[in-house]
Amino acid sequence: MPPSFSHRWRLRQLMTVSSFILLVACAEKPIAAAATPLQVANVPPAATAAAAPTAASGNGDYDIQPTISFSDWEAGFRAQALQAGIRPEVFDNAFAGVTPDLSVVKADRSQPEFTRPVWEYLDGAMSVARVRKGQALMAQYADALQVIEQRYGVDRQALVAVWAMESNFGQFQGTQYVIRSLATLAYEGRRRNFAQDQLLAALQILQHGDITPEMMLGSWGGAMGQTQFIPTTYNTHAVDFDGDGRRDIWNTPTDALASTAHYLQSSGWQRGQPWGFEVQLAQGFDYALADASTRKSVFEWQQLGLKLPDGSPLPANVGQSQAALLLPAGYRGPAFLVLDNFRAILKYNNSTSYALAISLLSQRFNGAGYVQGNWPRGDLPLSRSERIELQTLLSSRQYDAGAPDGIIGANTRKAIRSAQQSLGWPADGYPTHELLDSLRNQ
């Protein structure tokens with residue numbers, strides 16, 4: 001074997017074993033945060049309910065250092081908060097003993113080198129234990145879920161799937177004090193505006209009396225509760241379902257589920273419509289059409305030769321619905337037509353892996369949601385450094401991939417397609433080791 005191939009093969013074997021061990025060890029922990037960053041257009045990351053925006057990757061971002069002491073920053077922010085209507089005693093109680101949390105800074109600046117392949121992510125999302133627990137909880141909360149479903153039009157299976165993915169049904173909500181985490185992010189300064197907006201919203205939650213400071217726990221990025229809302233999303237969409245005067249997404253599952261339904265409803269969820277379905281592509285299909293920005297009616301996709309996996313026609317009841325074609329593992333993997341409800345899930349968490357996991361898990365609760373196509377399990381995604389190298393090589397070959405940041409966005413996908421077309425390959429816009437090696441050797 002050539003040295004580069006041998007090295008990559010050994011690395012691939014090591015990663016496969018490590019991924020299997022981690023998958024077994026963490027199968028029942030929430031895995032929403034491990035989702036591959038979304039490669040889709042026109043879905044603003046700031047709208048995400050579950051987490052803070054992805055950290056930027058430019059080296060200059062990492063060099064930002066606070067120019068004042070934390071106490072001076074706190075004094076300045078206190079003045080802003082009081083001017084915005086926060087009572088002095090609320091602020092002082094929330095900030096009592098708060099100092100910067102270095103673990104938050106580290107988490108915010110971390111850039112994982114490797115991401116889990118989508119099939120491994122889905123395997124973890126739909127473990128037998130998670131499916132069984134979801135089914136039991138749907139039975140336990142059947143009456144409340146029926147009311148929520150009727151009120152907001154969001155399927156109960158999808159709500160329970162979000163509950164499973166975000167916190168393993170409330171078991172893993174995060175243990176960090178939200179005020180301290182957000183104050184750290186605001187003081188550090190790299191994402192000051194976002195963090196200060198969230199911090200002010202968190203103070204408003206405390207002032208409203210929905211939760212006490214010591215109970216306001218969440219992730220390092222400020223996501224909170226059983227379905228992981230950031231504070232601004234909480235203020236606009238959290239619901240007091242049980243009528244006790246508090247929107248308690250931490251301790252009251254029905255409040256968390258109703259809040260999630262409210263968010264998905266406002267994100268464009270269509271009552272009674274499927275999220276999408278797996279499809280079979282026709283011989284000679286133009287893979288360049290597999291792009292989130294290309295939306296056609298289901299009927300138009302059928303005219304292009306798409307069928308259900310068993311060869312039957314696409315569902316007639318959604319024939320006029322607009323859909324995009326998703327190839328989460330490129331042309332060698334399964335294909336899916338995704339509709340408005342899939343897009344609504346993307347607004348909750350801007351990741352195709354996450355949205356596909358929610359969609360399939362919601363079906364798995366009813367005994368469906370099994371993918372018929374074969375995943376290319378022998379492949380591994382490019383590492384972050386390899387994605388950056390790919391982008392750099394694409395741009396150097398006059399395929400404009402945009403900034404080399406390791407994120408496969410619209411510009412990079414377009415550049416990949418152009419390179420694939422020039423090589424006579426299926427132009428699916430999917431980054432592979434084969435394409436990287438080809439560009440290296442040109």
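What share of the contacts in the chain with a separation of 6 or more comes from residues 24 or more positions apart? The share is 72%, where a contact means heavy atoms within 4.5 Å.

**Figure 1. Overview of the predicted chain.** The model is predicted: local features need pLDDT of at least 70, side-chain atom pairs count only at pLDDT 80 or more, and totals for chains, interfaces and linings use all residues. Residues are numbered from 1 along each chain as its sequence is written, and side-chain values use heavy atoms, with hydrogens and water left out. The chain has 19 helices and six strands; these are DSSP runs numbered from the N terminus, with helices (H or I) of at least four residues and strands (E) of at least two. Of its 442 residues, 53% count as buried. Buried means under 20% relative accessible area, exposed over 50%, and partly exposed in between (1.4 Å probe, protein chains only).

**Figure 2. The salt bridge between R78 and D92.** A salt bridge is a side-chain nitrogen of Lys or Arg within 4 Å of a carboxyl oxygen of Asp or Glu. By this rule the structure has 18 salt bridges. In the pair of R78 and D92, the closest N and O atoms are 2.9 Å apart. R78 lies in helix α3 (residues 70-83) and D92 in helix α4 (residues 88-94), so the bridge ties together parts that are 14 residues apart in sequence. Both residues are partly exposed: R78 has 27% relative accessibility and D92 has 37%.

**Figure 3. The salt bridge between R247 and D210.** The closest N and O atoms of this pair are 2.9 Å apart. R247 is in the loop between α12 (231-237) and α13 (253-266), while D210 is in the loop between α11 (192-208) and β2 (217-218), and the two are 37 residues apart. R247 is buried at 15% relative accessibility, and D210 is buried at 0%.

**Figure 4. The salt bridge between D291 and R413.** Here the closest N and O atoms are 3.2 Å apart. The bridge links distant parts of the chain, 122 residues apart: D291 sits in the loop between β3 (276-279) and β4 (295-297), and R413 in helix α18 (residues 410-423). Both D291 and R413 are buried.

**Figure 5. The aromatic pair of Y234 and W250.** Rings of Phe, Tyr and Trp (its six-membered ring) pair if their centres lie within 6.5 Å; planes under 30 degrees apart count as stacked, over 60 as edge-to-face and the rest as tilted. The structure holds 20 such pairs. Y234 and W250 form a tilted one, with 5.7 Å from centre to centre and 45° between the planes. Y234 lies in helix α12 and W250 in the loop between α12 and α13, so the pair ties together parts that are 16 residues apart in sequence. Y234 is buried, with a relative accessible area of 0%, and W250 is buried with 4%.

**Figure 6. An aromatic cluster of F70, W73, F77, F91, F95 and Y187.** These six residues form one cluster.
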